[in-house]
Structures are given as structure tokens and as C-alpha cells.
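Welcome to this short tour of a few local features.

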Amino acid sequence: MAATLTAPTMPRAPRALDGYRPYWAKRFGVAKFLPMSRTEMEQLGWDSCDIVLVTGDAYVDHPSFGMAVIGRMLEAQGFRVGIIAQPDWQSADPFKVLGKPNLFFGVTAGNMDSMINRYTADRKIRSDDAYTPGGLGGKRPDRSSLVYAQRCREAWNDVPIVLGGIEASLRRIAHYDYWQDKVRRSILVDSKADLLLYGNAERAIVEIAHRLAAREPVEQITDVRGTAFMRRTNDPSAEGWFELDSSEVDLPGRIDSHINPYQTTSEQAAEQGTTCAKEEGGDAGAAQGHVQPIRFIPTARATGRLQMPPRERTVIRLPAYEQVKSDQMLYAHANRVLHLETNPGNARALVQRHGERDAWINPPPIPLTTEEMDLVFDLPYARSPHPAYADEQGGHDGTTKIPAWEMIRFSVNIMRGCFGGCTFCSITEHEGRIIQSRSEDSVIREIEDIRDRVKGFTGVISDLGGPTANMYRLGCKSPEIEAACRKPSCVYPGICSNLQTDHEPLIQMYRRARALRGVKKILIGSGLRYDLAIRSPEYIKELVTHHVGGYLKIAPEHTEGGPLSKMMKPGIGTYDRFKQLFEKFSEEAGKKQFLIPYFIAAHPGTSDEDMMNLAVWLKKNGFRADQVQTFYPSPMATATAMYHSGFNPLKGLSREAGRAEKVDIVRGDRRRRLHKAFLRYHDANNWPLLREALSEMGRADLIGNGKHHLIPTYQPTTDGSYQSARRKNSTPVGIKTSVAKPAGKAKIVVPGAGRILTQHTGLPPRVTGAKVAPKKGR
């Protein structure tokens, strides 16, 4: 344990976003759009920018685009902010177009990870990019944050560089890179950036901007929550911190018991003879050994219990990059520790050695209050792409249309965060599990703003949601329990008894929103957490009666217990209960509506038999999946740690034989194709592969021409084509598919008027261009 030689630089207490004295440049006022050229700067009366933001997305001045939010937030603080969007990265010249920034460069890959944006789950290059005018691909480099930061350094080597966005957030420590199939260093090392901001960064970026404006050197800004930076090993500035060593697994001596994600917080505390609440002078969970896996040198109390150092002065040393890149057990261990240290109420700093330097990660940012959320969303967004992208008519609906903006053009984000903890998802790692909700008044103001200002509005709000549609104002019943909790999910394996699940505030918002003058319909397009919804039948009734446009997307992800336990998702029985209520209330409303369930193929922990059983369930329930999602290992996700290591970090890790749970990993093109083929059991192109697999599995009884069989014995002429819901991702069609069905079986169904076509319900297939003979009399 390090000696306490000097006063440590610790993360500061949070400061309200509106608690700063505005920078002097506030006198220039508000820009209609943040400038993207020197000409625009001159029109605003600027001689320079204080901050230049570089992004891999086209600049859309809308609160759903992270760079617009950060830019407007900094503008509200009085700074002059310019935008460089999708620059040519072949040289540093495009990074000089706005001149030298006075304070810093802010760099992000955009709203999406640049690798996931460019490559499919099968590592094939996508031909389109939803965040680019015209949907064109190739407008950003691989690992955009890294490349942009290097070009900014070439342009002005004395200007601080601050990384942000989801790409940087998920690469703040050594991470498995699916595209290179290896563990890469923290992006801080390769980018040579001065600071990295992870999570939603408004609070951190505002503090950093004001401190740099006060001429504080960037290398001294080491105490901001939600930031990471590089520090030399044994740097004197780190003196005063207590270091807990977590660089090994299963060393002799005391190792605390692992957190059981299936226990409630109160159950974990009861095992230790304590309560969930924080004790005076420190966290009860920490004092009783709830931190694991960690090795440390204990200091005895008179009581014989362990004396843990104060959390605010404690840093946990993760296994070094050089260790985790070649030791899969240590990689899973590091991932486990990182996820245990994500609660802003009790998380400690993390440090990971990279060569002669340490990547130092401060505790997560404090969530925004409702008032601060309102401040962020009430900023003067133009709610439109920058005029530079306009077509000949001055609009954005032609060849320059930006698909991502079109999708959220008439949508409203009501909250942030997710406490679901799904292991394959990165929302919790980025936004946190504490829900940050806007006020109802702020949401209503935005709907009215869309109605009055956004061109093309027809009276339909396409979504009123967020990461999850129905987590608005949900959270822990007790602030003390919330601050002490270390569970990865509030809803798995069951809904925590401390979770408040009242949907009444959301119901009231729906009612008020749809009563607004000029609003014809409010749709819910965000994913729905149906295990929460069934706790509030009144909410389901409200949703189904007024806010479903024919179909509703939900994500059971699988039907089998094996993969569901690795995903941390509820069993299919919960889906069945939701479906019953959905159909009941749809019938009462006199509406024919359908659920669209989404499933994942090839997730860690999924056997071939699991996928076969899912396919049987799909056929039994009349679902034909048109859009198939194959597991995509995104950096830092728990499921990605499973994929890379072959171990389950949700449970205890040990080098002793049989102590660590191994996970069935779906690798190789053939097996991944097989799992995908089971989801598309109805596609004749997949039948040869499925017949071979079913025979090998001893399930040839599923091959036959009866209704109870999964696939038929006959094989039509096929061309290997695949028509995706995203047309540009479809496999090119060589010749028209000719499906030769047995005599008397052929049947073409034409939907009746008013029937809704969906991609999963077993209704008539979507229009694919094939000619259908018109019925007589039409």
C-alpha cells in the first residue's frame, strides 16, 4: 500500500452545469449553427475559436447528436466553438481550417463506434453510413478517434487534445479488438491525447474548459470524474493514493468472495452481517469486503476485521496491458473488476500499466439532475443538419439526406442510462445504470418546438423514449442503497425489491403529449423492457391503445436458459406474459397489432441445440425473422470478455481446475452461419446447411414436409441471395429465386386492406419486387 506522503489530487465534488461564471466570449451571443468555416466565423465576429470539435459524423444540430450537445453546452458557457465534421484524414490541413483553437481540440468518432459503423458482425465492409449525407460510406477512417487525434497533434502540437464519445469511452483500458482479434492498448496510448472523457461528458467537459481557460496546464487536470489520462509509473503526483493490487488472480492470502450478481444487495450485506447503507466515514460494502476480485495488504483493527482505505483515496491496479494481452483469464478478471467499479456512489479509481506509464481512470461522472438534463435539452438547437449539406433547393430531403437524422427528426429523448445490464450491450458502460430523466415540461417544450419549427412535420412524433422506452423516472427506492449497490443489473435474474417500477409519470407524460394541439400521434420506437412493463398493466394498456403503430419492437433475444443467463436477460415466460397483455389490450382497443421480437445468434454460451430449439419455437409461433442480428463483440462489454477469454466474468474466476465457469464460444464462419441460419430457417438458401447440421445433431426428425417439421426434404432452386431489411447490406441477387413447391402447396397471400406487414409475424412477406398476380375484380 502506498505511503501517504502528500495530499492526493482526488476527484472533485460535482458542480452544477450552470454554476460557472460565463467565459468572456459569451458577448458574441448564440450562433444559429456552430461554424464550420472561417467565413461563418467572420460573420459571427470571431477572430478565432476557443474550442474546435472534430467529429466523424456530419454536423446535425440536434440533441440526439453528441457533438451538437457538447458544442451547444460549451457555447452556453460562453466559449466560441467550431465544428470540423468528417474531415479528410489523409493530411493535417483539413484540421487547420478554423485556425488554432485557443483552449483545446475535442475529438470523437461520432455517435457510433467507427468500427461497428463500418463493418458488419461478419467483418464485411458496409456500403453505407447513416451519419453521412446521402448515406455514403467511407467518409471516416477506421478507429476515427485515434486518427483524428493524431492529425490534430500534427496540425498544432501545443494544443491539448480531449477525446470523447462512445468509441473512446469503450477503449479507455486495454480492450479486445474483434476486428484484429487481439487485445489493443488503451486508446489514450495510441492517440497521444491529453485527456479522455467517458460516458455522458457535459459535466466533465464544462469543468475542463473553464480550467483551461483559467490557464491551468492540462497535465495538472487529473481530478475530474469521468476522465482518464496517462501518468508515468511512480509519478510523484500519485503520492497519497492507497493502491489495491488486482493484477493477479488467486494469489495466496485473503481474496474476498466474488460478488454474486444473482443476489440482491441486501442479501449480500446480510451474509456479511451488515446493511446496505453507507457507514459513517466509509462504505459499508467496502468495509465488509464486498470488493472483489482484489488482493491487498490488510491492516488489522482491534476487532480483527479488515481496515479498508477511504474510497476517495483508493486506486485499484488492474493487470497490466502486457499481461492481459496474452492471458485470457487475467483479461476476464480485469473486465470483471472494471464493471464492479461503475457505480458513481462507490466506484474507485482504476489504473493499468502500459509499458512505463499508467492509464489512470477516475471514478464515473455524477449523473445529471433533472434540472441539468432540462438545461442540456433546452439549449438552442437548430434541429437540422448544417446548411453546408443542403441540396439545390436548400433542403435535406434529396441526395444529401442524412439517414440518421431522418430517423430521429421527429423523435424526443426523455431519459438517459439503463439498469438492465445486458452483457452484450454498451449502454450501461457508457451512460451508466442510474436513470437520468428530463422533466415533463421540458419534454413537452421539445414536442412543441418540433411541431412549430421542424420542416415536414405531419403531426406524428416517431418516438418518445431513450435507451429503453419505459425506464423514465425509474430507480432505486433508497439513495443510500443505490450508492452502495454493486449489482450489474437491477432486473436480473429478477426485478430487485429495491427498484421503484411505477410507470405513472410516463403514462401522464404520454397523455399530456398526445393532447397537444397539432399532434396527431405519439409512437414509441425505442426498445421496451417488457419485464418492467408487466409490473404495470395500466402502462401496457396505455401503450397498446394509443402509441403502437401496428407493431412494437421488443427483444427477448433468445428462448433458452443457457444463452439468456450469459446475456442477463429474463426467461421467455416473461415475454409470453407480456404478449398476452399486449394482445388482450389490442383486442379491447379494436386494433390488429403485432409484436416484433428480436433475437441474437451466436452469442457466447449458445449451443447449436439452443439455436435449434429457438428455430423450433419461431416456427411454432409463426415468426419468420427477416432481420437477423449476429453477436457483435463490442469493446469492454462483458459478453466480449466471454468471447475472448472463454470464461464467465459474472462468476468467480480461479486458475484451479473446474473453479472458473467456461463458456461455449461460437467461433468460425461455418458455426456462426449455422446459428444465423437457424434464425432464418424459412430461407431455402439455408436448408442444405441446416439439413447437414440436424443430421449431425441426431435431429433428422425435424426434416420433412409436414407442418411440424422445421425444414423440408425437397430443395428448390436458389441463388444464394439474401434480402436484408437494410437493402444495401443484402447479398446481391444473381438471378431470381425460383421456389419449386410440391403440387398443391403453392399459395400466394395478398394482404387485405389495412393489414400491417411486419418482418417477424408470419404475415405475408414484405414486398421484394416479385410480381404478384392481381386478384379478380381488382
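Let us begin with Glu-557, which lies in strand E23, the strand of residues 551-557. Please keep in mind throughout that this is a predicted model.

**Backbone geometry worth a look**

- Glu-557 has a phi of about 70 degrees, a positive value even though the residue is not a glycine.
- With a relative accessible area of 6%, Glu-557 is buried, because buried means under 20%.
- Met-636 is another residue other than glycine with a positive phi, here near 80 degrees.
- You will find Met-636 in the loop that runs between strand E25 (629-630) and helix H23 (638-645).
- Met-636 is buried as well, its relative accessible area being 3%.
- The peptide bond leading from Tyr-492 to Pro-493 is cis, and its omega is near 5 degrees.
- Pro-493 belongs to the loop between helix H16 (479-484) and strand E21 (499-500).
- Why do such places deserve a second glance? Because most residues other than glycine have a negative phi, and most peptide bonds are trans.

**Helix H2 against helix H7**

- Helix H2 (residues 66-76) packs with helix H7 (residues 202-213) at an angle of about 45 degrees, and their axes are 10 Å apart.
- H2 is therefore oblique to H7.
- The crossing in which H2 passes H7 is right-handed.
- On the H2 side, the residues that meet H7 are Val-69, Ile-70, Met-73 and Leu-74, and their partners in H7 are Glu-202, Ile-205, Val-206 and Ala-209.
- Sorted by class, this contact of H2 with H7 holds seven nonpolar residues, no polar residues and one charged residue.

- Arg-140 sits in the loop between helix H3 (114-118) and helix H4 (144-155).
- Which side chain makes a polar contact with the side chain of Arg-140? That partner is Asp-129, at 2.9 Å.
- The Arg-140 side chain also reaches a backbone atom, the oxygen of Gly-56, at 3.1 Å.
- Setting aside neighbours within four places in sequence, the residues in contact with Arg-140 include Asp-57, Gln-86, Trp-89, Ser-114, Asn-117, Tyr-131 and Tyr-148.

- Ser-439 is in the loop between strand E17 (436-437) and helix H15 (440-453).
- The side chains of Ser-439 and Asp-374 are joined by a polar contact of 2.7 Å.
- A polar atom of the Ser-439 side chain lies 3.1 Å from the backbone nitrogen of Ser-442.
- Not counting residues up to four places away in sequence, Ser-439 touches Thr-370, Asp-374, Tyr-472 and Arg-473.
- How many residues separate Ser-439 and Glu-372 in sequence? The two are 67 residues apart along the chain, with a C-alpha to C-alpha separation of 10.0 Å in space.

Conventions: Residues are numbered from 1 along each chain as its sequence is written. Side-chain values use heavy atoms; hydrogens and water are left out. Helices (H or I, at least four residues) and strands (E, at least two) are DSSP runs, numbered from the N terminus. A polar contact is a pair of N or O atoms within 3.5 Å; within protein, one must be able to donate a hydrogen and the other to accept it, and residues adjacent in sequence count only if both atoms are side-chain atoms. Contact means heavy atoms within 4.5 Å. Axes are lines fitted to C-alpha atoms, for helices over the stretch in contact, and angles run from 0 to 180 degrees between N-to-C directions. Angles under 35 degrees count as roughly parallel, over 145 as roughly antiparallel, 65 to 115 as roughly perpendicular and the rest as oblique. A crossing is left-handed if the near helix is turned anticlockwise from the far one by less than a right angle, and right-handed if clockwise. Ala, Val, Leu, Ile, Met, Phe, Trp, Tyr, Cys and Pro count as nonpolar, Asp, Glu, Lys and Arg as charged, and the others, Gly among them, as polar. Buried means under 20% relative accessible area, exposed over 50%, partly exposed in between (1.4 Å probe, protein chains only).
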